[in-house]
Amino acid sequence: MQKCSILLMALSVCWWRATSILAFQATSLPSFAKRIPFFQQASSTVLNAEASRPNDPQVFASGYSPKLDLFEAIQEATEIAIQALPKATQEDSVEIDFGMITVSSLYDGQSQPSIVVPAVLSSASVYGKGIQQLLGCTTGGIVASTANFHLDPSDDSDEDDEQVQARACNTIESEGVPGVAVTLCLLPDVNVKTFHVLGDDVPDNVGRVSQETFQRAIGLGSFDVKDKKDNIGPPAFMLIPSPAFQNDLDELLLGMQHAFPECVIFGGIASTVSSLSRARLFRYDATDSQCIHTLADGCVGMIMQGDVKVKTMVAQGAKPVGGIYRVVSGFDSSIKAICLDEAVEEETIEDEEKEEEITKDAKAIAAAAYEKARIPKPPLAEANFLMKTLSDDDRAFMRKALLVGLERGGAMGRTPNELARLAQGQGHRFNVHQVASAGMKDGSVTLPLGSVDVQPGTRLRFFVRESDFAKKEVEALWMGYKRQALSKRIGMDEQVKSFNPAACILLPTLDRGSKFFGGKPGYESAAIAEFLPSIPCVTGFFSNGVLGRLDDSDLGSTDVSVFGSSSSYVLIGSRSGRPIFSPSKAAADDEEAIRLKAEEDEAEKALAAEDEKRKARAQSPLELNEKAPRDDNGELILRRREIHSGRAISVSTVEWSVAEKTATPTSVLEGFMWDKETEVDRFRERVPLANLVSQCRLSSMDPTKAKPRDWASSTRLAISESDGFIVIPECKRIEPASGSLRKRYDLSKLVKSFTMAGASSLSVNCDGVLFGGSLDDLKKAREASSSAAVAMSDSDGVVVPPLLASDLILYPYQLYQLRLAGADAVNLITGALARKDLLYLTKIASSLQLQTLATVTSETQINDITDLSAGSISGLIISNRELEDFSFDMTGEQALSLLKSDALKSFREKHGDDVPVLVEGRVGIIKGNDGTANSYTEALKKAGASGAIVGGGLAIESEDAQERLESLLKTS
């Protein structure tokens, strides 16, 4: 408590202007100021707006709270806004570059305004480094929005609900009720700074002072304003003057336009619900630890420059009445005499009569006749005659207030009708002013001093305010904006980024609320969300007058004005086309990430369960603690599956088979064979062998169907080009002894990686019993390897690596399946086949144009292969696997001894030295004499191996498969 008091006393000694600033005294703080942690620690945040964040989106987020307690309302509104920002914590370096707070003036008297800035800073301190620059005011009405986190409409919602839910934000307009709105902005590569100006600060003769002098005068001496040579757009200013500052506002606006040519200026005059309240202004600057201001006079503002673009439009809400005149006599702000401009009048009346039917009584006809006389008349006399032609409502308005519109330079265009011009994006033709005074003797009218310099010949028109026309004007403005944006996008160079607004600031005057628009609350903010459904933030406040230009048609002119009974629309976006942060998309991405994580967890659980099943299947024969039976040569004695192992029982006309004694496999290979036989039987039930034979014949005769590729020639060529040793990657999901090789088995991605790494051929394990493969894996691998090869092709043509299908092949039926699935070569496990089966299967494979490889684990098996006719075997695979339990010889001696055996010499003498002899089984994992995997590979090469088929050695989670293969290829 003592530390808090000391800090409050330190804050209270700031030398603020006593006449214009409410001194922030420690004694004036309400009791709940103790709840604000901001006061318990000094701010050490330094603005760093020039830090480059090229990939960061531009973010605007708004929050609103109607709570009656001011502190709680600020806290809730800030929390809602933070929820719509990208995720960040206090430890993150992200900064809230700019914040805006608008507070209903109804809190005045209940809570002290001095608590507003500290409260919002405290609430936002949980997000990164907090708010760096803050601006705000009290107001008679608030415009805000909340992010729509779920854009997809529910199935039971009606059409109107769907339209609302399709918008990125839900707009809010509150008038005459307590409420707080907080807007937080992340503006990458944008320099932002707030300032405060008093009437005495504005230099005299603003058109003659230099830019540097004017900058210092308004408190921007330390801000580095860039010019065109820096390839940065002009600065943009947001101004919030107090009502008492209006006498000095014209001079300030004029000075800013002289000092900052082509700058964009927008803003609104602070307001209150009741005239008994006093408007307050709020400002904070993180670079100045003493700048925590609650002000009663002057003008607070914000300048931003960099990767930001601002577009403004003003809806005047004024309906044209009567004809178009020319000023005959006038000077300064006074108009002495006008006459009808007949050339323009005929075109205008004809165009406007298409919009609505005009009925005229006798007096109206007489007045129209007088109107068409080419005699100069005083403006008041012309207005009196015009009132006789108007409706009762328009006449009543014109008696209370006289509105005169002066034509803007070059605004004639091709469309005289005001609404049609706006809908086509041509902007307002007339700038509407309210007459400040009238001469009763000469009938002249005078516009507000300094607002315009009347020149003879200027076109003029009378206006009235009318809500139905104001609605049409709002719609026409946005239709014109959309039309212009679309036409620019169509004709734009592809390298030029189109303007996509990230937020819209709506600044209506107090008289343009729900009462003006026929009792419909939120009409203008809803129109913004309707025409710009993807805009994530709509914010603003009801003002005593809006500042800016009518549109962006003349940025270089000095036509920034204060508009009464109008609304200003300010669109803010990135100049470079940065992405716009979408809370709904972020929420959807979070939900999708959660869903994918859940699916991944379920898949991992299912995969783990499947692994356990396969491990159990592989280990079940070993649970008997008995060695598998072997013959005199040491080969496993294998039995085929017992089909008739049950006892027949007849029940009525149905005969059942009841198993009496279920046979148990004596080895993993025997159990594997039984399961494979069952699998093949199920395939036969669905697709008979004769059907497969017919399909193979048709495929071989169809020129559009792919034919098997020459695996042997491709492999021999690769061996000759790689110094005698190659690596053939194997794609398989599961290893029975260890389980899944990869958490995510993306076959297509693996095949593409291996193909791009330069694999001469690929092995695809398509067994579904122990290895988790399928016939579809062959089809996917063929498509993926072909597409990768095409992408890598050059002028020499496309070289697609052939596919070796690895499976436990027991029947010719399987060979036909593999041929149709896209195999180029097949692998026979010699230890599972009798000699006659080897002979039969190799002949069937040859008839199908499939090349045959044989896997051996012993010298006896090599001798069986040697007995086959020369040319029937395209390659020999020597395995480190033990077929009894499907484990591996982790010393690697099994393959090395077979490579050096006499049996292999006999094989080569009969079948030729050019038949590739490959090694499989933990190659790339087994380590040699020096403790490295490369030394074992070198030992295989020295022993006479032509290459290796590597599966598990490429499935190291910490390494990329393609990089791992490239590493093995280099070492080989």
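A polar contact is a pair of N or O atoms within 3.5 Å, where within protein one atom must be able to donate a hydrogen and the other to accept it. The legends below describe close-up views of a predicted model.

**Figure 1. Glu173 and its polar contact with Ser525.** The side chain of Glu173 makes a polar contact with the side chain of Ser525, at 2.8 Å. Glu173 is placed in strand β5, which spans residues 169-175. Its relative accessibility is 16%, so Glu173 counts as buried, the cut-off being under 20%. Apart from neighbours within four places in sequence, the residues in contact with Glu173 are Ile142, Val143, Leu506, Gly522, Tyr523, Glu524, Ser525 and Phe542.

**Figure 2. The salt bridge between Asp189 and Arg578.** The side chains of Asp189 and Arg578 form a salt bridge with an N to O distance of 2.5 Å. The pair links distant parts of the chain, 389 residues apart: Asp189 is in the loop between β6 (180-186) and β7 (190-197), and Arg578 is in the loop between β25 (567-573) and α14 (583-619). Asp189 is partly exposed, with a relative accessible area of 24%. Arg578 is buried, with a relative accessible area of 9%.

**Figure 3. The salt bridge between Arg283 and Asp285.** Here the side chains of Arg283 and Asp285 meet in a salt bridge, 3.9 Å from N to O. Arg283 has a relative accessible area of 11% and is therefore buried. Asp285, at 2% relative accessibility, also counts as buried.

**Figure 4. The salt bridge between Arg640 and Asp837.** Arg640 and Asp837 meet through their side chains in a salt bridge of 3.9 Å, N to O. Arg640 lies in the loop between α14 and β26 (646-651) and Asp837 lies in helix α21, so the pair ties together parts of the chain that are 197 residues apart in sequence. Arg640 is partly exposed, its relative accessible area being 33%.

Figure 5. The structure as a whole holds 38 salt bridges.

**Figure 6. Helix α20 and its cover.** Helix α20 consists of residues 812-821 and is mostly covered, with nine of its 10 residues buried. The buried residues are Pro812, Tyr813, Gln814, Leu815, Tyr816, Gln817, Leu818, Arg819 and Ala821. Among the elements that cover them are the helices α15 (668-686), α16 (689-701), α19 (775-792) and α21 (835-847), together with the strands β32 (803-806) and β33 (825-829). Gly822 follows α20 and has a positive phi, near 115°.

**Figure 7. Helix α18 and the glycine after it.** Helix α18 covers residues 747-756, and its buried residues are Leu747, Leu750, Val751, Ser753, Phe754 and Thr755. Gly758, which follows α18, has a positive phi, near 100°.

**Figure 8. Ile865 in the largest nonpolar core.** In soluble globular proteins, nonpolar side chains tend to be buried together. The largest nonpolar core has 80 residues, of which Leu778, Ile865, Leu899 and Leu940 touch the most other members. Setting aside neighbours within four places in sequence, Ile865 is in contact with Thr830, Leu838, Ala854, Val856, Ile873, Leu876, Phe907 and His911.

Figure 9. Cys299 has a relative accessibility of 0% and so counts as buried. Cys766 likewise counts as buried, at 5% relative accessibility. Zero disulfides are found in a search of the whole structure.

**Figure 10. The whole protein, for orientation of the close-up views.** The protein contains 26 helices and 39 strands. It has 972 residues, and 52% of them count as buried. The accessible surface comes to about 44300 Å², with 50% of that area belonging to carbon and sulfur atoms. Of the contacts between residues at least 6 apart in sequence, 79% join residues at least 24 apart.

Note on methods: Residues numbered from 1 in each chain as written. Predicted model: local features only at pLDDT ≥ 70, side-chain atom pairs only at ≥ 80, totals over all residues. Heavy atoms only, no water. Core = buried A, V, L, I, M, F, W, Y, C linked by side-chain atoms within 4.5 Å. Buried < 20%, exposed > 50% of the residue type's maximum accessible area, 1.4 Å probe, protein only. Contact = heavy atoms within 4.5 Å. Helix = DSSP H or I, 4+ residues; strand = E, 2+ residues; numbered from the N terminus. Disulfide = S-S within 2.5 Å. Areas by Shrake-Rupley, 256 points an atom, 1.4 Å probe, with all protein chains shown as cover. Salt bridge = Lys/Arg side-chain N within 4 Å of Asp/Glu carboxyl O.
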